[in-house]
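Have the 3D view open while you read.

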Amino acid sequence: MSGVASFLTRRRGGKAWHWTDIVTWVWLIGGLVIMFGPAIWLTASSFKSPAQLAEFPPTVLPYVNKQVTVEGHEKPLNLFTVKMADGTTRQLAEVRRIGIVAQMIDPANPGEVIKINIAERVPVRELGLATENYVTPLQQNDFLLYLRNSVFVTFAATIITLLTNSMAAFALSKYKFPGRDLVLLIIVGTLMVPLSVVLVPLYSVVNAVGLFDSLWGIILPTVATPTGVFLLRQYMLTIPDELLDAARMDNATEWQIYWRIVLPLAAPALAVLAIFSVVWRWNDFLWPLVVLSRKELYTLQVGLNTYAGELNVQWHYILAMTVVTMIPVVLVFVFLQKFITSGIAGSGLK
Amino acid sequence: MGQISLQGIQRSYGALKVLHGIDLEIADGEFVVLVGPSGCGKSTLLRLIAGLDSPTGGRISINGTDVTKVSAAARGLAMVFQSYALYPHMTVRQNLAFGLENIRLPKAEIESLTAEAARMLEIEAYLDRRPGQLSGGQKQRVAIGRAVVRNPTAFLLDEPLSNLDAELRISTRAEIAALHKRLATTMIYVTHDQIEAMTLADRFVVMRSGKIEQVGKPLDLYNHPANLFVAGFIGAPRMNLIETVISEVAAHSVTVTGPGGLAVAVPVDGSALKAGDRVTLGVRPHDLAASEDKGMAVNVSLVEALGPETVVHAAMADGQKLVAVLSGQGARSSSGNLRFSMEGAKLHLFDSQGQRVPDLQDSNR
């Protein structure tokens with residue numbers, strides 16, 4: 001602990017504050033707020049009820065109305081702080097509400113019903129989570145199905161990406177053939193073509209081969225990534241050719257060289273590409289939106305979109321499911337950040 | 001059986017010709033060393049024999065079968081690489097077994113073969129380690145073990161000792177020699193270290209710029225270098241090559257003269273030469289002797305006392321540099337003038353083309 005404390009209080013000017021100390025603190029705290037603020041607000045808001053979301057000014061933390069169980073009433077009743085006609089304040093539970101008048105009872109004396117104007121009362125609130133934001137979409141609105149679709153698409157696409165890209169990279173890094181550099185140049189050149197440019201022709205192709213409205217229609221067009229081929233090729237160039245020659249002397253076929261020598265040795269680069277691929281495929285929105293039309297095939301990102309209707313946006317569900325979709329990506333970053341940084345440093349890509 | 005024959009092997013990379021027609025016959029069980037300066041094509045030749053590369057011309061046959069178009073795997077050879085090329089993600093045991101697994105030997109047989117090779121090379125203790133956890137010498141043993149375990153028709157070794165420190169190099173060299181003796185398998189060994197070459201070789205192939213300069217037993221090459229290149233390449237320190245002029249051609253000798261009072265009769269067959277021809281006189285540093293009064297006058301520039309011998313760097317009257325290795329710790333500790341004498345029978349004479357002037361035939365003696 002003392003180590004952490006001395007680290008945090010370390011100053012450039014020794015005992016005194018140097019102006020760079022102040023700038024550093026302001027900069028770092030500012031950065032923390034800018035980067036973590038939205039994520040924390042999102043997570044906190046995902047536990048708010050629709051009414052609370054619409055409140056102004058907004059609160060950071062989610063609150064729920066305090067409830068009490070009163071004898072003679074099956075359901076727990078909401079508790080309010082009420083300003084009585086004589087100027088005193090009491091905590092009463094609401095039995096029912098008719099127009100602007102609420103029938104309320106004192107939990108200590110459930111027999112007597114008091115009629116209160118709703119303007120005279122303020123709900124008693126406590127920190128609490130509106131978990132139904134999560135439960136309802138997952139149980140009733142097919143979100144578990146969307147989750148399953150997303151997981152399937154992500155994993156299938158990642159495995160095929162790793163396999164095909166590593167084969168291409170192996171050929172481009174370890175074999176000499178005419179036009180090799182041209183092929184590489186073309187592959188890397190496709191990095192400059194954004195999806196929106198090829199969206200329509202790609203749609204025609206997918207439609208023509210009968211992959212429209214199927215999960216394979218989102219998986220297959222995305223598996224050949226120029227980034228992946230380039231990243232793996234650069235890594236495979238560092239594997240010495242002598243190893244391949246040694247394997248050839250050891251009677252290995254070219255396939256065995258790829259599978260048993262090159263692939264295991266390229267594991268760090270494959271890990272990086274796997275992370276990238278998972279994040280890309282998980283976050284894909286536009287292409288799945290174009291290809292998928294049946295609701296039971298929706299991925300999470302497309303499913304989220306269904307909550308934003310023309311007339312009514314169900315913010316509480318959108319927020320909650322956004323948190324759900326964020327979790328895998330965050331976990332990937334938390335546990336594999338070492339690989340990600342090395343991958344970005346190694347390839348200059350992100 | 002491991003008889004290898006190369007006929008007119010050529011290899012070029014685009015316009016660059018690396019090998020200009022190599023002819024070589026290697027007998028079964030022979031230890032052949034390819035030596036030459038870097039870039040002379042010796043490693044390329046080894047890769048061609050291995051089948052890792054294919055020649056642009058010529059024929060390679062093993063045991064009489066033409067294998068020029070046969071893949072590396074099917075040639076039944078084993079290679080030890082300069083960088084060892086051990087598979088870093090496999091344990092030593094897996095490294096040894098990899099080649100055997102690829103030819104689908106039964107598991108039990110793989111086990112017994114690897115165990116035997118491990119025992120022979122004394123690497124049993126670290127069979128379950130990965131190459132990264134081994135020292136250079138241990139890696140070298142594993143690399144050799146990986147070759148031995150497959151029981152090849154011939155071993156190809158590409159500068160296998162160059163990554164070891166001096167001490168380890170000497171002991172590993174002895175082990176390779178012992179291994180060759182025990183296995184009696186053909187070995188082709190590429191090196192640029194002539195001590196390795198001299199100590200290991202049954203036969204010695206000196207290469208330069210893609211051509212074979214001379215083939216022979218190590219001492220034959222040392223004693224009778226065929227040309228200036230071989231003369232200068234073999235032997236350390238290098239042979240002194242002195243530009244001289246023939247003053248007289250006799251029946252059984254050629255007399256050459258040079259600056260500093262150099263005049264010596266070399267017993268060679270000088271029938272193709274005449275007085276006045278420019279020739280090069282080769283003298284091994286060990287064949288020079290210091291003398292008080294006779295011989296050629298030189299100016300000593302540096303004396304290195306090594307203990308058992310003394311290396312003297314000197315310049316002749318016309319500036320040509322000489323190195324002499326004098327035995328013992330003679331009192332030549334300072335620079336100054338000195339005379340070197342030499343014995344005619346130990347000298348080498350090369351004509352203006354750089355070719356050795358033929359030795360005297362027995363009948364002429």
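**Ground rules**

This is a predicted model, in which local features need pLDDT of at least 70, side-chain atom pairs count only at pLDDT 80 or more, and totals for chains, interfaces and linings use all residues. Residues are numbered from 1 along each chain as its sequence is written, while chains are lettered from A and ligands numbered from 1 in the order in which they are written.

**Chain B at a glance**

Chain B has eight helices and 20 strands; helices here are DSSP runs of H or I with at least four residues, strands are runs of E with at least two, and both are numbered from the N terminus. Its C-alpha atoms fill a box of roughly 75 × 45 × 40 Å along the principal axes. Of the 365 residues in chain B, 41% are buried. A residue is called buried if 20 or more other C-beta atoms lie within 10 Å of its own, exposed if 12 or fewer, and partly exposed in between, with C-beta atoms placed from the backbone.

Now for contacts, meaning two residues whose C-beta atoms, placed from the backbone, lie within 7 Å. Take the contacts in chain B between residues at least 6 apart in sequence: 66% of them join residues at least 24 apart.

**An open sheet and its helix**

Strands of a sheet pair through backbone hydrogen bonds, either parallel or antiparallel. In chain B, four strands form an open, antiparallel sheet in the order S2-S1-S4-S5; strands count as paired if DSSP finds at least two bridges between them. The edges are S2 (16-26) and S5 (65-66) of chain B, each pairing on one side only. Helix H1 (residues 42-50) of chain B packs on this sheet, touching S1, S2 and S4 (57-62) of chain B, and its direction makes about 120° with that of S1(B).

Strand S1 (residues 4-13) of chain B is joined to S2(B) by eight bridges. One pair to find is Tyr13(B) with its bridge partner in S2(B), Leu16(B).

Elsewhere, S6(B) and S7 (residues 154-158) of chain B pair in the parallel sense over four bridges, with Ala78(B) opposite Phe155(B) in S7(B). Leu77(B) and Met79(B) point one way from S6(B), Ala78(B) and Val80(B) point the other way, and all are buried.

**The nonpolar cores**

In soluble globular proteins, nonpolar side chains tend to be buried together. A nonpolar core is a set of buried Ala, Val, Leu, Ile, Met, Phe, Trp, Tyr and Cys residues joined through C-beta atoms within 7 Å. The largest one has 129 residues, and Val33(B), Leu34(B), Leu156(B) and Ile188(B) have the most contacts inside it. Helix H12 (residues 267-283) of chain A gives the most to this core, with seven residues. A second, separate core of 20 residues includes Trp287(A), Leu292(A), Leu304(A) and Ile318(A).

What does Ile188(B) touch, leaving aside its neighbours within four places in sequence? Its contacts include Ile26(B), Val32(B), Leu46(B) and Ala154(B).

**Helix pairs**

Here are two pairs to compare; axes are lines fitted to C-alpha atoms, for helices over the stretch in contact, and angles run from 0 to 180 degrees between N-to-C directions.

| Pair | Axes come within | Crossing angle |
|---|---|---|
| H2 (92-102) and H4 (136-148) of chain B | 8 Å | roughly 25° |
| H5 (143-174) and H12 of chain A | 9 Å | roughly 140° |

The axes of H2(B) and H4(B) cross at roughly 25°, which makes H2(B) roughly parallel to H4(B), a label for angles under 35 degrees. Where they meet, Val92(B), Asn95(B), Leu96(B) and Gly99(B) in H2(B) face Val142(B), Gly145(B) and Arg146(B) in H4(B).

**Where the chains touch**

The contact takes 16 residues from chain B and 14 residues from chain A. On the chain B side, H2(B) gives the largest share, three residues.

A cis peptide bond joins Ala236(B) and Pro237(B), with omega about -5°. Pro237(B) lies in the loop between H8 (228-233) and S11 (240-249) of chain B.

Ala85(B) has a positive phi, near 50°, without being a glycine. Is Ala85(B) buried or exposed? Ala85(B) counts as buried because 25 C-beta neighbours lie inside 10 Å. Arg104(B), also not a glycine, has a positive phi of about 55°. Arg104(B) is exposed, with 8 other C-beta atoms within 10 Å, and lies in the loop between H2 and H3 (107-121) of chain B.

Note on methods: Angles under 35 degrees count as roughly parallel, over 145 as roughly antiparallel, 65 to 115 as roughly perpendicular and the rest as oblique.
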